[in-house]
Amino acid sequence: DMQMPVLDGVAATARIRRRHSAADLPILAMTANVLPEDRARCTAAGMQDFLTKPIQPQVVRAAVATWAVRAGQQV
């Protein structure tokens with residue numbers, strides 16, 4: 001979530017990326033911010049996808065399934 005109170009999504013992604021490459025761990029942003037600049041900020045931070053709120057369960061499931069398969073994981 002891009003709006004986490006202690007550690008926002010960009011900072012969390014930076015910490016995760018120090019340990020995992022983009023190839024082995026997909027990160028999906030979830031945010032209420034829907035402007036193109038918001039998406040660009042997430043991409044620049046190393047996130048692979050961008051999901052907007054309010055969440056739609058079928059969209060979340062599809063995105064997780066897509067990225068899990070790309071990362072070589074079974075869904």
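**Terms and cut-offs**

User: Why is Arg-41 called partly exposed?

Analyst: Arg-41 has a relative accessible area of 43%. Buried means under 20%, exposed over 50%, and partly exposed in between, with a 1.4 Å probe and protein chains only; Arg-41 is therefore partly exposed. This is a predicted model, in which local features need pLDDT of at least 70 and side-chain atom pairs pLDDT 80 or more, while totals for chains, interfaces and linings use all residues. Residues are numbered from 1 along each chain as its sequence is written, and side-chain values use heavy atoms, leaving out hydrogens and water.

User: What makes Asp-8 and Arg-41 a salt bridge?

Analyst: The term requires a side-chain nitrogen of Lys or Arg within 4 Å of a carboxyl oxygen of Asp or Glu. Between Asp-8 and Arg-41 the N to O distance is 3.6 Å. The pair links distant parts of the chain, 33 residues apart: Asp-8 lies in the segment before α1 and Arg-41 in helix α2 (residues 36–45). By this rule the count is one salt bridge.

User: Why is Asp-8 not called buried?

Analyst: Its relative accessibility is 26%, so Asp-8 counts as partly exposed.

User: How do you know that Thr-13 is buried?

Analyst: Thr-13 has a relative accessible area of 2%, and is therefore buried. Its place is in helix α1 (residues 9–17); helices are DSSP runs of H or I with at least four residues, numbered from the N terminus.

User: Which residues does Thr-13 contact, leaving aside neighbours within four places in sequence?

Analyst: They are Ile-27, Ala-45, Gly-46 and Met-47, where contact means heavy atoms within 4.5 Å.

Terms used:
Helix = DSSP H or I, 4+ residues; strand = E, 2+ residues; numbered from the N terminus.
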